[in-house]
Amino acid sequence: MRRRPSWPRKLSDVIVKVLAALSALFGLVFLAWILYVVLRHGASALSWKFLTTLPSPPGVGGGGLANAIIGTAAMTLLACVMGVPVGLMAGVYLAEFGRGNRFATLVRFLVNVMMGIPSIIVGLFVYTIMVRPVGHFSGWAGAVSLALLIMPVVARTTEDMLTLVPNSLRESALALGVPHWRSTVQIMFRAAKAGLLTGVLLAVARVSGETAPLLFTALDSPYWPHSLNGPTGNLTVTIFNYAMSPYPNWQQAAWGASFLITAGVLALTIVSRALAREKK
Amino acid sequence: MMRRRSHTRAQALAETTFHGTALTCAVLVLVSMTAIFVELVRNSRLSLAKFGWGFLTSAAWNPVTSDFGAASSIFGTLVSTAIALLIAVPLSLAIALFLVEMAHPRIARPVGSAIELLAAIPSIIYGMWGLFVLAPYMADHVQPLLQKFFGKLPLFAGPPMGIGMLSAGLVLALMVLPFITAVVRDIFALVPSVMKEAGYGMGATTWEVTRKVTLRHGMRGVLGGVFLGLGRAIGETMAVTFVIGNDHRIAASLFASGNTISSTLANEFTEASQPLYLSALVELGLILFVITFLIQIAAQLWLKHISHRLGTDK
């Protein structure tokens, strides 16, 4: 019996290994490329004035995006206030009250589906219920559409994190006569604290870089946001409008805004990751 | 004694309130999903009534004569998603292979985290990069090269402008890459090490074990990851809007500009003044909603089916 030569096998093995390593490198190169571009263009646009003044008209240099920074922060915060409690309690329902019940199975399924619905569809929906009836765009509508995006993410992580808490903890609390709601709030939440916080931070990170849901709801505005009851300036829609404009100073400002958004989102993501790792 | 009874009553009230609030919030998820569907249908009824099923196949898009059809948007959505998956799926498989089977943990961990970071970059940043950096690069270097070698194919015909279907697909590929990689990586790591070790014990190389043991064992899971990537790519808005060129036409060339459902919405929605125009745009949104809904359902069912088979279900 003749032995099959082993070099073709070894060669194909080496080729595949090289290709796999190159693929990983490919991903890293693009990440570095994008971050480098944002850093280079963005850093040169940043200044104290950029952070504290209103936008300037095209062709006139020196304006800032203070209104958009405030608008984005206000809408994200409001979205958290609305979306996080609802998501949290929906997650509590799924983990604590809805084990093996058919309604909970349906809701669990819908939460997963809802996380995959494109954000532009959520914007479209909020437009039809909050903008069209009143006849004008508003920051409130923007906050609601962001809240709708936060809700399923928080619900999902809450359920996952509460399910991870050992059942014996739950049972020992109940055995001591602690009511179910107190055991959930004082024992389960405490045990799952880091995980819950990670979920919320990740949801906020995801939402604060969103543009599509704000296009039809908050729109944009070059003025100070006195109330959220009208078009509200925000960083991401500003990037879209400025980048598509032919004016160099606006494009420059778009890069500055890109830098702020990227830095904010990446910082949130990295903090939440570190938190999740620390727990393990 | 009295005090004690009122105490328990308060406790019972608190318990009911807590349970009720949780239930209400769960119902809210159901309500919002239903409301999205109902509102989209309600607001597209003008267009539904006027164009009927023909909306799906008509390539017309003329706000002046009020003639609308979804064909070019659907075509662009499908083509850009297909390009994205053709690039991202093999890359994700290779990256997962590198992370799970080849790299030392000290390298695999930071590289894995970096790939995950690609998912954290907001869509609009991909758009900025795509429009101002990638598109000029494609126009100057990549597209002329493709034309030099495959110029006779209609796929690569036309002037190399940088923006267009190919660039949109490439940006989308980068955006879904981390999602598919994460799923594939988990699937690869789930393959029992005894099975792999049995392969290595027979003298098989890493590639042989991957191909004949790991991939065969995890194939269904990989498909689930592809579904997730598909769902992401198909509804992606801002990045695509920046680089696809936004043109209502169906062209054979990948260099030509086109549009997708979401890019059409992003571009034209705030300009739509007549009720029928607006209604047609909402109907586009409805189509996208139904498509992603179906993909999500398929993906969920499929992943559930797999995790049962692999015995990892909770």
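Author: Angles under 35 degrees count as roughly parallel, over 145 as roughly antiparallel, 65 to 115 as roughly perpendicular, and the rest as oblique. The model here is predicted, so local features need pLDDT of at least 70, side-chain atom pairs count only at pLDDT 80 or more, and totals for chains, interfaces and linings use all residues. Residues are numbered from 1 along each chain as its sequence is written, chains are lettered from A and ligands numbered from 1 in the order written, and side-chain values use heavy atoms, without hydrogens or water.

Reader: Are helix 4 and helix 6 of chain A parallel or oblique to each other?

Author: Helices are DSSP runs of H or I with at least four residues, numbered from the N terminus. Helix 4 (residues 102–116) and helix 6 (residues 139–164) of chain A have axes 9 Å apart and pack at about 130°; axes are lines fitted to C-alpha atoms over the stretch in contact, with angles from 0 to 180 degrees between N-to-C directions. That's why these two helices of chain A are oblique.

Reader: How many nonpolar residues does the contact of helix 4 with helix 6 of chain A have?

Author: Contact means heavy atoms within 4.5 Å. Helix 4 of chain A brings residues including A:V111 and A:M115, and helix 6 of chain A brings A:L148 and A:M151, among others. Ala, Val, Leu, Ile, Met, Phe, Trp, Tyr, Cys and Pro count as nonpolar, Asp, Glu, Lys and Arg as charged, and the others, Gly among them, as polar. Alongside one polar and three charged residues, the nonpolar count is eight.
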